[in-house]
Amino acid sequence: MEEYQKEMKGLAAKLIDLMLRSLGLNNEDAKWLRHPRSLLQLNSYPVCPDPTRAMGLAPHTDSSLLTLLYQTTTGGLQVLVDGVLWAPVYPTAGALVVNVGDLMHILSNGRFKSAVHRAIVNKVHHRISIAYFYGPPWDVKISPLMKLIDHDHPPLYQPVTWKEYLGYKATHFNKALELIRNDGGEIQAN
Ligand SMILES: O=C(O)CCC(=O)C(=O)O
Ligand SMILES: [Fe+2]
């Protein structure tokens with residue numbers, strides 16, 4: 001497990017570096033990236049006699065900056081395309097799924113969009129997946145990066161820590177991102 005987390009940490013840092021570079025930025029534009037925080041979550045979906053009446057994991061976006069997801073050979077992950085179509089993300093040997101999380105959505109001022117996804121269950125196979133959530137230090141305020149902001153691109157989101165954001169997620173579920181949008185109204189505690 002420790003070895004796995006170490007590998008994932010290196011990969012996530014590399015991916016974020018590449019993503020920032022694609023926006024003309026680098027790690028120095030978010031110095032807190034030197035102190036990432038991460039979380040490993042093991043998901044287990046037992047066989048379900050009637051998959052039409054159950055959901056493995058309800059539709060959501062991840063709160064992280066990035067999530068690196070490992071699926072075994074049993075599929076079940078689906079991603080929402082254009083807000084209407086659930087497209088399966090089949091397991092591919094030797095491949096990981098990379099999900100953009102809400103904090104990356106905020107940090108990039110909406111340039112990288114967090115993906116809505118869910119996990120369905122099946123009648124035959126017990127399914128397992130391993131999600132590695134990678135994010136900022138717990139108490140650092142994350143806001144759209146300064147260099148992405150100008151007259152034509154005002155900051156779309158209010159500063160928020162990962163800790164605060166998880167609190168909003170807990171109370172407002174999939175409306176959390178909207179809640180901290182600058183034109184989305186005021187944050188109401190609880
Ligand atoms: O099991 C999966 O494929 C998805 C897991 C997931 O979305 C999560 O842990 O946040
Ligand atoms: Fe997820």
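**Exercise 1. Find the polar side-chain contacts of ligand 1 and describe its surroundings in this predicted model.**

Step 1. Start with R127, where a polar side-chain atom lies 2.8 Å from an oxygen atom of ligand 1.

Step 2. For Y45, the distance from a polar side-chain atom to an oxygen atom of ligand 1 is 2.5 Å. For N43, an N or O atom of the side chain is 3.0 Å from an oxygen atom of the ligand.

Step 3. Consider the surface of the ligand. Taken alone, ligand 1 exposes 290 Å², and the protein buries 98% of that area.

Step 4. Ligand 1 sits in the largest pocket. The elements giving two or more residues to its shell are β1 (37-45), β2, β7 and β8 (127-135). Of these, β8 gives the most, with 4 residues.

Step 5. List the nearest residues. There are 14 residues around ligand 1, and those that come nearest are N43, Y45, H117, R127 and S129.

**Exercise 2. Which residues coordinate the iron ion (ligand 2), and how are its donors spaced along the chain?**

Step 1. Identify the donors. The iron ion is coordinated by H60 through NE2, D62 through OD and H117 through NE2, at 2.1 to 2.2 Å.

Step 2. Read the spacing. Along the chain, the donors follow H-x1-D-x54-H.

Step 3. H60 is in strand β2 (residues 57-60) and H117 is in strand β7 (residues 117-119). The two are 57 residues apart, and the pair links distant parts of the chain.

Step 4. Decide whether these histidines are buried or exposed. H60 has 18% relative accessibility, so it counts as buried, the cut-off being under 20%. H117 counts as buried too, because its relative accessibility is 5%.

Step 5. Connect this with the first exercise. H117, a ligand of the iron ion, is also among the residues that come nearest to ligand 1.

**Exercise 3. Describe the position of S64 and the contacts of its side chain.**

Step 1. Locate the residue. S64 is found in the loop between β2 and β3 (66-71).

Step 2. Check accessibility. The value for S64 is 1%, so this serine counts as buried.

Step 3. List the contacts. The S64 side chain reaches the backbone oxygen of L66 at 3.3 Å. A polar contact of 2.8 Å joins the side chain of S64 to the side chain of T67.

**Exercise 4. Compare N109 and F173: what is the phi of each, and is each buried or exposed?**

Step 1. Recall the background. Most residues other than glycine have a negative phi.

Step 2. Read the two angles. Phi of N109 is near 55°, a positive value in a residue other than glycine. F173 is not a glycine either, and its phi is positive at about 45°.

Step 3. N109 is in the loop between α2 (102-107) and β7. F173 lies in the loop between α3 (162-172) and α4 (176-179).

Step 4. Apply the accessibility cut-offs: buried is under 20% and exposed is over 50%. N109 has a relative accessible area of 9%, so N109 is buried. F173 has 58% relative accessibility and therefore counts as exposed.

Methods
Residues numbered from 1 in each chain as written. Chains lettered and ligands numbered in written order. Predicted model: local features only at pLDDT ≥ 70, side-chain atom pairs only at ≥ 80, totals over all residues. Heavy atoms only, no water. Donors = N, O, S within 2.8 Å, 3.2 Å for Na, K, Ca; no water. Buried < 20%, exposed > 50% of the residue type's maximum accessible area, 1.4 Å probe, protein only. Near = heavy atom within 4 Å. Polar contact = N/O pair within 3.5 Å; in protein donor to acceptor, adjacent residues only side chain to side chain. Areas by Shrake-Rupley, 256 points an atom, 1.4 Å probe, with all protein chains shown as cover. 1 Å grid on protein atoms, 1.4 Å probe; cavity = no way out; pocket = protein on both sides within 12 Å on 5 of 7 lines; lining within 4 Å. Sits in = over half its atoms within 2 Å of the grid points.
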